[in-house]
Amino acid sequence: MERTWRWFGKNDKITLGMLKQIGVEGIVTALHDVPNGEIWAQEQIHVLRTYIESYGMRWSVVESLPVSEGIKYGSPDCDTLIENYKQSLHNLAAEGIHTVCYNFMPVLDWARTDLSHANPNGSTNLYFSHAQFAYFDICILKRDGAEKDWSPAILEEVEQLKRTMTPEDDHRLVENIIVKTQGFVSGNIKEDDEHPVELFRELLSLYKGITRDQLRENMRYFLNAIMPTCDECNIYMCVHPDDPPFPILGLPRIVTNDEDIAWFLHAVDNVHNGLTFCAGSLSAGAHNDVVELARKYASRTSFVHLRSCHIFPNGDFTEASHLGGRADIIELVRIFERTNPRLPMRVDHGMTMLNDAERGYNAGYSFLGRMFAMGQVQGILATVDRELGIDYKQPGFFD
Ligand code: DNO
């Protein structure tokens, strides 16, 4: 697979020069300063592409060209938003960029309750606690009917949390769930929004009455509308699975498991309609056999995220080592290398380790932790390539 890295543009504290040193070949990025729904101008794409190329790398994948909420819930200006999207795809293709990652998650992109959960080795990782999330849902968001969505055991834990959570804890939970994980991925809530919870409630209300079937139909509508452009421009669209892969906050989730993936691939059966195989998101669902899914869908995968989760007996999950957890990255590499040794792949989140915490990186996107994971994955790649007889140069000085 092509070794890529998610880079957040020229303001990223991690520079392209640093990435060059650690064997990165391709960059995964976006025009982060263009508001959702607006057209990505070819000139802006060109400037960023040539900057990346000046470091001897290429702009491999767009992550993400965000699908506006209006397209997801079907607002009156949905068709205008889709036209804008198509124009952005044209402009990307004109600059030679042909792989586009997006998601179809309503309101919240990815969700975690703790962004610095202590690991036994002194580093930290991202963590999802059902009880903390339920506490946010019931006591902070105060969503109508929220209690009905949680089991008696979780409700009991929420009662305990009500006794122990301080206003500072509440604030941190809001930051973790709807602010710090969202803004930098071109999400709806930004770091400087003054009333994030109110804003979030308004966004949730847009989905009142939108069922899982309706959301599926809206996804089908979007994909059917853009496929002619993708065919003409040879753009590979690859949807990111829902993270975590189960319903939250009463919102429908439609890319969570085998059946969902089969549904959207068949609903719009076109090679340009594919999957971002995010092993981390998929492995956070106990219902998913990640290796089985990879075997089944490798041929419709255009982009791979390598990450692995550990699920605790109560269903909480944390992000495991790239050599451990449920995802079995070694076997995944075998599957994807056999399918297409040039498939773009990035290590997804990494531990926050050594001096990462002082550097203020985006949640999950540490430098040393991700570099450590990238080193592990490069070792797996080198081994698997030798196993499979793939003649593929590994990075180094004298290769
Ligand atoms: C989180 C990321 C997601 C992903 C989007 C794709 O770390 O994997 O934010 O980029 O869901 O649209």
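Trainee: Where is the place of Asn 234?
Mentor: This is a predicted model, so bear that in mind throughout. Asn 234 sits in the loop between helix H9 (212–233) and strand E7.

Trainee: What is the phi of Asn 234?
Mentor: Start with the general idea. Most residues other than glycine have a negative phi. Asn 234 is not a glycine, yet its phi is positive, about 55°.

Trainee: How do I read peptide bonds?
Mentor: Look at omega. In general, most peptide bonds are trans. Here a cis bond joins Glu 63 and Ser 64, with omega about -5°. Another cis bond joins Asp 243 and Pro 244, with omega about 0°.

Trainee: Which loops hold Ser 64 and Pro 244?
Mentor: Ser 64 lies in the loop between strand E3 (58–63) and helix H3 (69–73). Pro 244 is in the loop between E7 and H10.

Trainee: Now the ligand. How many residues surround the ligand?
Mentor: List the shell, then pick out the closest members. The shell here has 15 residues. Glu 63, Ser 64, Asp 109, His 349 and Tyr 365 are the closest. Note that Glu 63 and Ser 64 are the two residues joined by a cis bond.

Trainee: Which strand gives the most to the shell around the ligand?
Mentor: Strand E4 (residues 99–103), with 3 residues. By class, the shell divides into 6 nonpolar, 5 polar and 4 charged residues.

Trainee: How far from an oxygen atom of the ligand is a polar side-chain atom of Ser 64?
Mentor: For a polar contact, look for N or O atoms within 3.5 Å. Ser 64 places a polar side-chain atom 2.6 Å from a ligand oxygen. For Asp 109 the distance to a ligand oxygen is 2.9 Å, again from a polar side-chain atom. Tyr 365 has a polar side-chain atom 2.6 Å from an oxygen of the ligand.

Trainee: How much of the ligand's accessible area does the protein cover?
Mentor: Compare the ligand on its own with the ligand in place. On its own it has 330 Å² of accessible area, and the protein covers 99% of that.

Trainee: How many bridges join strand E7 to strand E8?
Mentor: There are 3 bridges between E7 (residues 236–240) and E8 (residues 273–278), and the two run parallel. In E8, Gly 274 is the residue opposite Cys 238.

Trainee: What is the order of the open sheet?
Mentor: The 4 strands here run E5-E6-E11-E10, with antiparallel pairing. E5 (114–118) and E10 (309–311) are at the edges with a single partner strand each, so one side of each has no neighbour in the sheet. On average, neighbouring strands are turned by 35° against each other, direction ignored.

Trainee: Over how many bridges do strands E6 and E11 pair?
Mentor: Strands E6 (residues 124–128) and E11 (residues 317–319) pair over 2 bridges, in the antiparallel sense. Phe 128 stands opposite Phe 317 in E11.

Methods: Residues are numbered from 1 along each chain as its sequence is written. This is a predicted model: local features need pLDDT of at least 70, side-chain atom pairs count only at pLDDT 80 or more; totals for chains, interfaces and linings use all residues. Side-chain values use heavy atoms; hydrogens and water are left out. A residue is near a molecule or strand if one of its heavy atoms lies within 4 Å of it. A polar contact is a pair of N or O atoms within 3.5 Å; within protein, one must be able to donate a hydrogen and the other to accept it, and residues adjacent in sequence count only if both atoms are side-chain atoms. Accessible areas come from the Shrake-Rupley method with a 1.4 Å probe; for residues, only the protein chains shown count as cover. Ala, Val, Leu, Ile, Met, Phe, Trp, Tyr, Cys and Pro count as nonpolar, Asp, Glu, Lys and Arg as charged, and the others, Gly among them, as polar. Two strands pair if DSSP finds at least two bridges between them. Axes are lines fitted to C-alpha atoms, for helices over the stretch in contact, and angles run from 0 to 180 degrees between N-to-C directions.
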